[in-house]
Amino acid sequence: MPLNDNATLVVGSGNYLTAPVGTAMPGDLLVPVSPWSNVGHTSLEDVFGITSEGGEATTIGSLQNQSLRTKYSARTETMTFTLQQFDEAGLRLYFGANAPELNDGTIGVPANPEPTKAAFMAVFIDGENHFALYAPKAEIYRNDDMAISDTESLAGLPLGVKPMAYGSNSWTYAVTPLGGTVATGATAGTPGLFTPDGASIPSNLASLVDVVADPKTAWTTGQSVALGDGSSAYWNGTSWAAGIAA
């Protein structure tokens, strides 16, 4: 692996966002639009983490080779961060999506809390670099007990986000590599190629907005480009369209 200085990350700021389950990753990660919504202020100290359970290795052997293969159990991952905004939306992320608003305006803590189900995205900004994690489906709920330990720090609500497989996806969440070259063009093919050479594959249809098609006339039957979310797109002569040219 060659050294790539542009692939390093020092987080200067960031945002955590939710949207209805299945919402695609926005084309512009720095200016996400509706239905994506910011969860609010989060901790400057406990920025982000990923914990996991499972993944234990079991060695399987034969009489001739006692270490023939290794099998791993399923792994469940949880993204963690601390919310510091105690409004109704924030309290429901921590205490349960089914927390009712009572007649006096308070929020009731349910006896059988339900996690919030939503698409989730975390975006971390490092100057001109940005790194994102995206889950089309996740369950959000408390990750730890709440403790208010002093009178000088912002109180927090520790949250856990469990990414889940969505639809026919074989993955639970996606991450954006750093240090790549932004695609500026797309050449028709079966599938086609993005240019310049080595350019990162655009994540979805919306991210093709600034990509120039080659040729600029409507692509012919069977031509398309493959996108990062597993879908395809083609140029219909005036705009990018989902699928493969027919």
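Two strands pair if DSSP finds at least two bridges between them. Helices (H or I, at least four residues) and strands (E, at least two) are DSSP runs, numbered from the N terminus. This is a predicted model: local features need pLDDT of at least 70, side-chain atom pairs count only at pLDDT 80 or more, and totals for chains, interfaces and linings use all residues. Residue numbers start from 1 along each chain as its sequence is written, and side-chain values use heavy atoms, with hydrogens and water left out.

- In β16, Ala 242 is the bridge partner of Ala 233.
- Strand β15 (residues 232-235) and β16 run antiparallel and are joined by three bridges.
- These strands belong to an open sheet of three strands, ordered β14-β15-β16, with antiparallel pairing.
- Its edge strands, β14 (225-226) and β16 (240-242), each pair on one side only.

**Aromatic pairs**

- A pair of aromatic rings is described by the distance of the centres and the angle of the planes.
- Rings of Phe, Tyr and Trp (its six-membered ring) pair if their centres lie within 6.5 Å; planes under 30 degrees apart count as stacked, over 60 as edge-to-face and the rest as tilted.
- The count by this rule is ten aromatic pairs.
- Tyr 16 and Phe 124 are an edge-to-face pair, because their ring centres are 5.9 Å apart and their planes stand at 80°.
- This pair links distant parts of the chain: Tyr 16 sits in strand β1 (residues 13-19) and Phe 124 in strand β7 (residues 116-126), 108 residues apart.
- Tyr 16 counts as buried at 2% relative accessibility, and Phe 124 counts as buried at 5%.
- Buried means under 20% relative accessible area, exposed over 50%, and partly exposed in between (1.4 Å probe, protein chains only).
- Trp 219 and Trp 240 also form an edge-to-face pair, with 5.4 Å centre to centre and 90° between the planes.
- Trp 219 lies in the loop between β13 (212-214) and β14, and Trp 240 lies in strand β16, so the pair ties together parts that are 21 residues apart in sequence.
- Trp 219 and Trp 240 are both buried.
- One aromatic cluster is formed by Tyr 16, Phe 48, Phe 81, Phe 120 and Phe 124.

**Helix α1**

- Helix α1 (residues 88-95) has these buried residues: Gly 90, Leu 91, Leu 93, Tyr 94 and Phe 95.
- The cover over the buried residues of α1 includes β6 (75-83), β7, β8 (129-142) and β9 (157-163), where contact means heavy atoms within 4.5 Å.
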